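User: I am new to this structure. Please walk me through its rings and its surface.

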Amino acid sequence: MYSKLRSLLFALDAESAHFIGAGAARFAQRATPFMLNSMFEYAHPSLHQELFGKTFSNPVGLAAGFDKNARMIPFFKKAGCGFVEVGSVSAKKCKGNPRPRAFRLPDDQALINRMGLNNAGAKAIRPRLEKAAGQIAFPVAVNLAKTHDPKIEGKAAIEDFCESFRILAPWADYVALNISCPNTAEGKTFEDPNSLDELLSAIMTLRKELALEVPVVVKFSPPLAESFILDSLFDELILVCLGHGIHGFIATNTASDRNGLVTSKERISKIGNGGLSGQPIRARANGLVKYLYRKTSGKLPIIGVGGIANAAQAYERIKSGASLIQLYTGLVYQGPGVIRDIKKGLVRLMEEEGHSSLTHIVGIEAK
Ligand SMILES: Cc1cc2nc3c(=O)[nH]c(=O)nc-3n(C[C@H](O)[C@H](O)[C@H](O)COP(=O)(O)O)c2cc1C
(Lines give C-alpha, C1' and ligand atoms only; values in the text may rest on other atoms or scores of the structure.)
Protein backbone atom coordinates (compact mmCIF):
# COMPACT_ATOMS: atom_id res chain seq x y z
CA MET A 1 0.00 0.00 0.00
CA TYR A 2 2.81 2.44 0.90
CA SER A 3 4.48 1.85 -2.50
CA LYS A 4 1.43 3.46 -4.21
CA LEU A 5 1.34 6.34 -1.75
CA ARG A 6 5.11 6.72 -2.10
CA SER A 7 4.90 7.25 -5.89
CA LEU A 8 2.45 10.09 -5.22
CA LEU A 9 4.54 11.57 -2.42
CA PHE A 10 7.81 11.23 -4.33
CA ALA A 11 6.30 13.27 -7.17
CA LEU A 12 6.47 16.20 -4.73
CA ASP A 13 9.55 17.83 -3.27
CA ALA A 14 10.74 16.16 -0.05
CA GLU A 15 9.41 18.77 2.38
CA SER A 16 5.94 19.00 0.78
CA ALA A 17 5.74 15.19 0.82
CA HIS A 18 6.62 15.21 4.52
CA PHE A 19 3.96 17.86 5.16
CA ILE A 20 1.27 15.80 3.39
CA GLY A 21 2.40 12.53 5.00
CA ALA A 22 2.34 14.19 8.43
CA GLY A 23 -1.16 15.58 7.72
CA ALA A 24 -2.35 12.07 6.77
CA ALA A 25 -0.80 10.65 9.95
CA ARG A 26 -2.56 13.26 12.09
CA PHE A 27 -5.86 12.57 10.35
CA ALA A 28 -5.44 8.80 10.80
CA GLN A 29 -4.56 9.06 14.50
CA ARG A 30 -7.86 10.90 15.10
CA ALA A 31 -10.21 9.27 12.61
CA THR A 32 -9.10 5.65 12.29
CA PRO A 33 -7.17 4.63 15.42
CA PHE A 34 -8.55 1.05 15.40
CA MET A 35 -7.67 0.54 11.74
CA LEU A 36 -4.11 1.68 12.48
CA ASN A 37 -3.90 -0.84 15.30
CA SER A 38 -4.96 -3.74 13.10
CA MET A 39 -2.63 -2.64 10.27
CA PHE A 40 0.49 -2.29 12.36
CA GLU A 41 0.02 -4.33 15.53
CA TYR A 42 2.81 -6.72 16.42
CA ALA A 43 4.13 -7.37 19.91
CA HIS A 44 6.47 -9.99 21.33
CA PRO A 45 7.82 -10.40 24.87
CA SER A 46 11.39 -10.94 23.63
CA LEU A 47 11.41 -7.30 22.46
CA HIS A 48 10.69 -5.85 25.92
CA GLN A 49 13.42 -3.99 27.79
CA GLU A 50 13.68 -1.88 30.92
CA LEU A 51 15.92 1.10 30.20
CA PHE A 52 16.27 4.54 31.75
CA GLY A 53 13.86 3.29 34.44
CA LYS A 54 11.09 2.88 31.80
CA THR A 55 9.52 -0.03 29.97
CA PHE A 56 10.15 -0.17 26.23
CA SER A 57 7.76 -2.68 24.62
CA ASN A 58 10.07 -2.82 21.61
CA PRO A 59 13.34 -1.15 20.55
CA VAL A 60 12.14 0.67 17.39
CA GLY A 61 11.80 4.43 17.84
CA LEU A 62 11.10 7.52 15.80
CA ALA A 63 14.25 9.61 15.29
CA ALA A 64 14.37 13.33 16.04
CA GLY A 65 13.38 15.64 13.22
CA PHE A 66 10.39 13.65 11.94
CA ASP A 67 7.94 15.00 14.51
CA LYS A 68 9.63 18.25 15.45
CA ASN A 69 6.50 19.78 16.96
CA ALA A 70 5.12 16.75 18.81
CA ARG A 71 2.05 16.44 16.58
CA MET A 72 2.20 12.74 15.64
CA ILE A 73 2.86 10.92 18.91
CA PRO A 74 -0.41 8.87 18.88
CA PHE A 75 0.16 7.89 15.23
CA PHE A 76 3.61 6.47 15.88
CA LYS A 77 2.40 4.66 18.99
CA LYS A 78 -0.32 3.03 16.88
CA ALA A 79 2.16 2.36 14.08
CA GLY A 80 4.01 0.19 16.60
CA CYS A 81 6.97 2.31 17.72
CA GLY A 82 8.41 1.43 21.12
CA PHE A 83 9.15 5.12 21.74
CA VAL A 84 9.17 8.51 20.05
CA GLU A 85 11.72 11.31 20.25
CA VAL A 86 10.15 14.66 19.35
CA GLY A 87 12.12 17.77 18.33
CA SER A 88 14.65 19.16 17.98
CA VAL A 89 12.92 21.82 20.00
CA SER A 90 14.66 25.09 20.84
CA ALA A 91 13.89 27.69 23.49
CA LYS A 92 12.63 30.17 20.88
CA LYS A 93 10.57 29.23 17.86
CA CYS A 94 12.47 29.13 14.56
CA LYS A 95 11.52 29.24 10.90
CA GLY A 96 14.64 27.34 9.89
CA ASN A 97 16.55 27.84 6.64
CA PRO A 98 14.91 28.97 3.39
CA ARG A 99 13.31 26.30 1.19
CA PRO A 100 14.17 24.08 -0.60
CA ARG A 101 15.94 22.41 2.32
CA ALA A 102 15.23 18.67 2.04
CA PHE A 103 16.24 16.44 -0.88
CA ARG A 104 15.88 12.75 -1.74
CA LEU A 105 18.73 10.70 -3.23
CA PRO A 106 16.82 7.52 -4.22
CA ASP A 107 19.85 5.84 -5.81
CA ASP A 108 21.56 6.05 -2.44
CA GLN A 109 18.42 5.47 -0.33
CA ALA A 110 19.48 8.71 1.36
CA LEU A 111 18.33 12.22 2.17
CA ILE A 112 20.13 15.53 2.45
CA ASN A 113 18.52 18.18 4.64
CA ARG A 114 19.36 21.64 5.88
CA MET A 115 16.08 22.30 7.68
CA GLY A 116 17.92 24.49 10.20
CA LEU A 117 15.95 23.54 13.33
CA ASN A 118 12.54 24.82 12.26
CA ASN A 119 10.23 24.29 15.23
CA ALA A 120 7.42 25.93 17.18
CA GLY A 121 9.53 26.59 20.29
CA ALA A 122 9.55 25.01 23.76
CA LYS A 123 6.53 26.87 25.15
CA ALA A 124 4.25 25.78 22.28
CA ILE A 125 5.39 22.18 22.53
CA ARG A 126 5.11 21.83 26.29
CA PRO A 127 1.29 21.27 26.44
CA ARG A 128 1.57 18.59 23.75
CA LEU A 129 4.23 16.71 25.72
CA GLU A 130 2.25 17.18 28.92
CA LYS A 131 -0.84 15.67 27.23
CA ALA A 132 1.18 12.74 25.88
CA ALA A 133 2.69 12.10 29.32
CA GLY A 134 -0.82 11.93 30.81
CA GLN A 135 -2.55 9.93 28.08
CA ILE A 136 -0.09 7.83 26.12
CA ALA A 137 1.55 5.08 28.06
CA PHE A 138 4.83 4.71 26.26
CA PRO A 139 8.16 6.56 26.36
CA VAL A 140 8.14 10.00 24.73
CA ALA A 141 11.48 11.78 24.70
CA VAL A 142 12.37 15.32 23.72
CA ASN A 143 15.42 16.37 21.75
CA LEU A 144 16.71 19.87 22.58
CA ALA A 145 18.85 22.11 20.40
CA LYS A 146 20.13 25.64 20.74
CA THR A 147 17.88 28.26 19.15
CA HIS A 148 19.06 28.79 15.57
CA ASP A 149 20.43 32.29 15.92
CA PRO A 150 24.17 32.93 15.56
CA LYS A 151 23.91 35.84 17.99
CA ILE A 152 23.12 33.36 20.78
CA GLU A 153 26.56 32.06 21.70
CA GLY A 154 28.79 31.32 24.70
CA LYS A 155 26.97 31.69 28.05
CA ALA A 156 23.78 32.77 26.26
CA ALA A 157 23.82 29.52 24.29
CA ILE A 158 24.03 27.52 27.50
CA GLU A 159 21.19 29.54 29.05
CA ASP A 160 19.17 28.93 25.87
CA PHE A 161 19.55 25.14 26.31
CA CYS A 162 18.69 25.51 30.02
CA GLU A 163 15.53 27.46 29.19
CA SER A 164 14.13 24.70 26.97
CA PHE A 165 15.24 22.07 29.52
CA ARG A 166 13.31 23.91 32.26
CA ILE A 167 10.17 24.05 30.11
CA LEU A 168 10.20 20.53 28.66
CA ALA A 169 12.28 18.15 30.77
CA PRO A 170 9.54 17.63 33.41
CA TRP A 171 7.36 16.02 30.71
CA ALA A 172 9.94 13.86 28.96
CA ASP A 173 10.95 10.23 29.44
CA TYR A 174 14.47 11.20 28.42
CA VAL A 175 16.06 14.42 27.18
CA ALA A 176 18.44 14.25 24.22
CA LEU A 177 20.92 17.08 23.78
CA ASN A 178 21.51 17.71 20.09
CA ILE A 179 25.07 18.99 20.00
CA SER A 180 25.64 17.77 16.45
CA CYS A 181 23.24 19.64 14.15
CA PRO A 182 25.17 20.26 10.91
CA ASN A 183 22.63 22.77 9.62
CA THR A 184 23.26 25.91 11.60
CA ALA A 185 26.47 27.88 11.56
CA GLU A 186 26.77 27.45 15.31
CA GLY A 187 24.96 24.12 15.82
CA LYS A 188 28.03 22.00 16.46
CA THR A 189 29.67 24.41 18.88
CA PHE A 190 29.18 21.96 21.72
CA GLU A 191 31.07 19.13 20.00
CA ASP A 192 34.13 20.61 21.64
CA PRO A 193 35.18 19.21 25.03
CA ASN A 194 35.37 22.53 26.91
CA SER A 195 32.04 23.84 25.69
CA LEU A 196 30.38 20.45 26.21
CA ASP A 197 31.76 20.43 29.74
CA GLU A 198 30.15 23.82 30.45
CA LEU A 199 26.85 22.78 28.85
CA LEU A 200 26.59 19.49 30.74
CA SER A 201 27.61 21.14 33.97
CA ALA A 202 24.74 23.65 33.59
CA ILE A 203 22.17 21.07 32.51
CA MET A 204 23.03 18.50 35.18
CA THR A 205 23.02 21.20 37.90
CA LEU A 206 19.63 22.40 36.70
CA ARG A 207 18.31 18.83 36.65
CA LYS A 208 19.34 18.52 40.28
CA GLU A 209 17.85 21.89 41.26
CA LEU A 210 14.56 20.92 39.63
CA ALA A 211 14.73 17.53 41.41
CA LEU A 212 14.10 15.77 38.10
CA GLU A 213 15.02 12.14 37.55
CA VAL A 214 14.80 12.48 33.79
CA PRO A 215 17.70 10.74 32.00
CA VAL A 216 19.90 12.95 29.81
CA VAL A 217 21.54 11.58 26.66
CA VAL A 218 23.94 13.22 24.19
CA LYS A 219 23.64 12.91 20.40
CA PHE A 220 26.85 12.76 18.36
CA SER A 221 27.73 13.25 14.67
CA PRO A 222 28.93 10.29 12.63
CA PRO A 223 32.65 9.88 12.08
CA LEU A 224 33.96 10.70 8.61
CA ALA A 225 34.40 7.15 7.36
CA GLU A 226 33.62 3.55 8.24
CA SER A 227 37.16 2.65 9.16
CA PHE A 228 37.39 5.79 11.23
CA ILE A 229 40.26 6.41 13.52
CA LEU A 230 38.58 8.28 16.27
CA ASP A 231 40.79 11.05 17.44
CA SER A 232 41.54 11.88 21.03
CA LEU A 233 38.99 14.70 20.76
CA PHE A 234 36.19 12.17 20.57
CA ASP A 235 37.55 10.27 23.54
CA GLU A 236 37.59 13.57 25.44
CA LEU A 237 33.93 14.15 24.60
CA ILE A 238 33.03 10.72 25.96
CA LEU A 239 35.02 11.40 29.13
CA VAL A 240 33.26 14.73 29.61
CA CYS A 241 29.88 12.99 29.27
CA LEU A 242 30.83 10.27 31.73
CA GLY A 243 32.27 12.84 34.14
CA HIS A 244 28.89 14.55 34.30
CA GLY A 245 27.02 11.30 34.81
CA ILE A 246 24.94 11.46 31.64
CA HIS A 247 22.69 8.46 31.12
CA GLY A 248 23.25 7.41 27.51
CA PHE A 249 24.24 8.31 23.96
CA ILE A 250 22.62 8.63 20.57
CA ALA A 251 24.79 7.73 17.59
CA THR A 252 24.40 9.31 15.12
CA ASN A 253 23.11 12.54 13.64
CA THR A 254 23.43 13.28 9.89
CA ALA A 255 26.85 13.70 8.22
CA SER A 256 28.22 16.90 6.69
CA ASP A 257 30.42 15.08 4.15
CA ARG A 258 29.31 13.31 0.97
CA ASN A 259 31.33 10.09 1.30
CA GLY A 260 30.17 6.90 -0.40
CA LEU A 261 27.44 8.28 -2.68
CA VAL A 262 26.50 6.92 -6.12
CA THR A 263 24.30 9.93 -6.99
CA SER A 264 26.00 12.11 -9.61
CA LYS A 265 28.42 14.79 -8.41
CA GLU A 266 26.47 17.30 -10.47
CA ARG A 267 23.23 16.62 -8.57
CA ILE A 268 25.05 16.65 -5.24
CA SER A 269 26.70 19.99 -5.89
CA LYS A 270 23.36 21.41 -7.08
CA ILE A 271 21.79 20.42 -3.75
CA GLY A 272 24.47 22.21 -1.74
CA ASN A 273 24.92 22.07 2.05
CA GLY A 274 23.07 19.84 4.42
CA GLY A 275 23.20 16.71 6.56
CA LEU A 276 23.33 13.35 4.82
CA SER A 277 21.25 10.49 6.23
CA GLY A 278 20.26 6.96 5.22
CA GLN A 279 22.30 4.09 3.80
CA PRO A 280 25.54 6.06 3.13
CA ILE A 281 26.02 6.68 6.87
CA ARG A 282 24.99 3.21 8.07
CA ALA A 283 28.40 1.59 8.42
CA ARG A 284 29.99 4.49 10.25
CA ALA A 285 27.02 5.03 12.55
CA ASN A 286 27.30 1.33 13.36
CA GLY A 287 31.04 1.73 13.95
CA LEU A 288 30.46 4.57 16.39
CA VAL A 289 27.91 2.50 18.34
CA LYS A 290 30.54 -0.26 18.71
CA TYR A 291 33.15 2.25 19.78
CA LEU A 292 30.87 3.85 22.40
CA TYR A 293 29.83 0.43 23.71
CA ARG A 294 33.46 -0.63 24.16
CA LYS A 295 34.50 2.69 25.71
CA THR A 296 31.68 2.57 28.25
CA SER A 297 31.91 -1.22 28.81
CA GLY A 298 28.26 -1.43 27.83
CA LYS A 299 27.17 0.32 31.03
CA LEU A 300 25.07 3.08 29.44
CA PRO A 301 22.24 2.59 26.94
CA ILE A 302 23.10 3.59 23.38
CA ILE A 303 20.42 4.56 20.89
CA GLY A 304 21.59 3.56 17.41
CA VAL A 305 20.39 5.62 14.44
CA GLY A 306 21.64 6.15 10.90
CA GLY A 307 20.80 4.07 7.83
CA ILE A 308 18.57 1.47 9.48
CA ALA A 309 15.85 0.34 7.07
CA ASN A 310 15.26 -3.36 7.76
CA ALA A 311 15.45 -6.03 10.47
CA ALA A 312 18.95 -7.26 9.54
CA GLN A 313 20.32 -3.72 9.84
CA ALA A 314 18.53 -3.21 13.17
CA TYR A 315 19.85 -6.56 14.43
CA GLU A 316 23.39 -5.62 13.43
CA ARG A 317 23.10 -2.29 15.29
CA ILE A 318 21.80 -4.00 18.43
CA LYS A 319 24.60 -6.57 18.33
CA SER A 320 27.01 -3.65 17.96
CA GLY A 321 25.79 -2.21 21.25
CA ALA A 322 22.54 -0.30 20.69
CA SER A 323 19.76 -1.12 23.16
CA LEU A 324 17.32 0.94 21.11
CA ILE A 325 17.26 1.97 17.46
CA GLN A 326 15.63 4.86 15.62
CA LEU A 327 14.46 5.50 12.07
CA TYR A 328 14.05 8.54 9.88
CA THR A 329 15.22 7.99 6.28
CA GLY A 330 14.13 4.33 6.32
CA LEU A 331 10.59 5.49 7.13
CA VAL A 332 10.59 7.88 4.18
CA TYR A 333 11.58 5.13 1.74
CA GLN A 334 9.72 2.16 3.27
CA GLY A 335 6.71 3.75 5.00
CA PRO A 336 5.44 3.04 8.51
CA GLY A 337 5.03 -0.71 7.81
CA VAL A 338 8.81 -0.93 8.23
CA ILE A 339 8.33 -0.61 12.01
CA ARG A 340 6.31 -3.86 12.18
CA ASP A 341 8.62 -5.58 9.65
CA ILE A 342 11.67 -4.75 11.76
CA LYS A 343 10.05 -6.04 14.96
CA LYS A 344 8.93 -9.29 13.31
CA GLY A 345 12.33 -9.73 11.69
CA LEU A 346 14.16 -9.15 14.98
CA VAL A 347 12.11 -11.87 16.67
CA ARG A 348 12.78 -14.27 13.77
CA LEU A 349 16.52 -13.55 13.80
CA MET A 350 16.68 -14.04 17.58
CA GLU A 351 14.78 -17.33 17.33
CA GLU A 352 17.08 -18.58 14.55
CA GLU A 353 20.07 -17.92 16.79
CA GLY A 354 18.44 -19.26 19.96
CA HIS A 355 18.07 -15.97 21.86
CA SER A 356 14.97 -15.34 23.95
CA SER A 357 15.51 -11.64 24.71
CA LEU A 358 17.03 -8.59 23.08
CA THR A 359 18.96 -7.96 26.27
CA HIS A 360 21.02 -11.09 25.50
CA ILE A 361 22.32 -9.74 22.20
CA VAL A 362 23.02 -6.06 22.93
CA GLY A 363 26.73 -5.52 22.26
CA ILE A 364 27.68 -9.16 21.59
CA GLU A 365 29.52 -8.07 18.45
CA ALA A 366 31.00 -4.86 19.79
CA LYS A 367 34.50 -6.30 20.09
C1 LIG B 1 14.81 16.01 7.38
C2 LIG B 1 15.57 15.63 8.63
C3 LIG B 1 15.47 16.44 9.77
C4 LIG B 1 16.18 16.10 10.92
N5 LIG B 1 16.05 16.89 12.03
C6 LIG B 1 16.71 16.55 13.16
C7 LIG B 1 16.57 17.34 14.33
O8 LIG B 1 15.81 18.32 14.38
N9 LIG B 1 17.29 16.98 15.44
C10 LIG B 1 18.12 15.89 15.45
O11 LIG B 1 18.73 15.60 16.49
N12 LIG B 1 18.24 15.11 14.36
C13 LIG B 1 17.56 15.42 13.23
N14 LIG B 1 17.70 14.63 12.12
C15 LIG B 1 18.62 13.47 12.17
C16 LIG B 1 17.90 12.17 12.46
O17 LIG B 1 17.32 12.16 13.74
C18 LIG B 1 18.89 10.97 12.38
O19 LIG B 1 19.87 11.13 13.38
C20 LIG B 1 19.61 10.89 11.03
O21 LIG B 1 18.72 11.20 9.98
C22 LIG B 1 20.19 9.49 10.77
O23 LIG B 1 19.14 8.52 10.75
P24 LIG B 1 18.49 7.94 9.39
O25 LIG B 1 19.62 7.49 8.51
O26 LIG B 1 17.58 6.84 9.85
O27 LIG B 1 17.74 9.05 8.78
C28 LIG B 1 16.99 14.94 10.95
C29 LIG B 1 17.08 14.13 9.81
C30 LIG B 1 16.38 14.45 8.67
C31 LIG B 1 16.49 13.55 7.46
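Analyst: A residue counts as buried under 20% relative accessible area and as exposed over 50%. Note that this is a predicted model.

User: Is Phe19 buried or exposed?

Analyst: Phe19 sits in helix 2 (residues 14-31). Its relative accessibility is 66%. The cut-off for exposed is over 50%. Therefore Phe19 counts as exposed.

User: Which residues make the nonpolar surface patch of about 310 Å²?

Analyst: Phe19, exposed at 66%, is one of them.

User: How many aromatic pairs does the structure hold, and what is the geometry of Phe66 and Phe76?

Analyst: The structure holds 12 aromatic pairs. In the pair of Phe66 and Phe76, the ring centres are 5.5 Å apart and the planes stand at 85 degrees. Planes over 60 degrees apart count as edge-to-face. So the geometry of Phe66 and Phe76 is edge-to-face.

User: How many residues apart in sequence are the parts that the pair of Phe66 and Phe76 ties together?

Analyst: Phe66 lies in the loop between strand 3 (60-62) and helix 4 (73-78). Phe76 lies in helix 4, so the pair ties together parts whose separation in sequence is 10 residues.

User: Are Phe75 and Phe76 buried or exposed?

Analyst: Phe75 and Phe76 form an edge-to-face pair, 5.1 Å centre to centre. As for accessibility, both are buried.

User: The charged end of which residue sits over the ring of Phe10?

Analyst: The charged end lies 4.2 Å from the centre of the Phe10 ring. It belongs to Arg104.

Technical notes: Residues numbered from 1 in each chain as written. Predicted model: local features only at pLDDT ≥ 70, side-chain atom pairs only at ≥ 80, totals over all residues. Heavy atoms only, no water. Phe/Tyr/Trp six-rings, centres within 6.5 Å; stacked < 30°, edge-to-face > 60°. Helix = DSSP H or I, 4+ residues; strand = E, 2+ residues; numbered from the N terminus. Buried < 20%, exposed > 50% of the residue type's maximum accessible area, 1.4 Å probe, protein only. Lys NZ or Arg CZ within 6 Å of the ring centre and 35° of its normal. Patch = residues over 30% accessible without salt bridge, like charges linked within 9 Å, V, L, I, M, F, W, Y side chains within 5 Å. Areas by Shrake-Rupley, 256 points an atom, 1.4 Å probe, with all protein chains shown as cover. Salt bridge = Lys/Arg side-chain N within 4 Å of Asp/Glu carboxyl O.
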